[in-house]
Amino acid sequence: DAHVEAKRYQEAIAVYTKAIDMLELAGKPDVQIVSMRALAHQQKEEWWAVANDGLLCMQIDPDWWTGYYVRAHAIMKMLADKTIREANNINADSAAVDEMRQAIDAMKACLKCSTVPPEEKG
């Protein structure tokens, strides 16, 4: 967390990744560490990595609302970014529609999580 607070996001990602790998090998994945890595990726606007960490959070703990939220947010950012759309040959008639559905589904699932703070449901 010190690296994130100091805005040393690449260092934070490296530390979180090492911790995630070690905990996974021990059979004890930690959704909070994955969430923190997603935050570091978000600060660097690495939306694919954020979306993947969101999915990993969802797999580790299906009731961890943050995973659904960060995944949906990352997908929406990617769809909004014309450069990403063009680089991946995404248009309104192709994968964009599916990605939009994934983002909507993730947000719906997020709101169903018992761990969502009431002020976030607003």
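**Helices and loops**

Guide: D53 is placed in helix 4; helices (H or I, at least four residues) are DSSP runs, numbered from the N terminus. This is a predicted model, in which local features need pLDDT of at least 70, side-chain atom pairs count only at pLDDT 80 or more, and totals for chains, interfaces and linings use all residues. Residues are numbered from 1 along each chain as its sequence is written, and side-chain values use heavy atoms, with hydrogens and water left out.

Visitor: Is D53 buried or exposed?

Guide: D53 is buried, because its relative accessible area is 4%; buried means under 20%, exposed over 50%, and partly exposed in between (1.4 Å probe, protein chains only).

Visitor: And with what is D53 in contact, leaving aside its neighbours within four places in sequence?

Guide: D53 is in contact with V34, R37, A38 and H41, where contact means heavy atoms within 4.5 Å.

Visitor: Turning to the loops, where does K7 lie?

Guide: K7 lies in the loop between helix 1 (2–5) and helix 2 (9–25). Its phi is positive, about 60°, although K7 is not a glycine. Most residues other than glycine have a negative phi.

Visitor: What about E45?

Guide: E45 is in the loop between helix 3 (31–43) and helix 4 (47–60), and its phi is positive too, near 60°. E45 counts as exposed because its relative accessible area is 57%; K7 is exposed at 62%.

Visitor: Now helix 5: which of its residues are buried?

Guide: They are W65, G67, Y68, V70, R71, A72, A74, I75, M78 and L79.

Notes:
Helix = DSSP H or I, 4+ residues; strand = E, 2+ residues; numbered from the N terminus.
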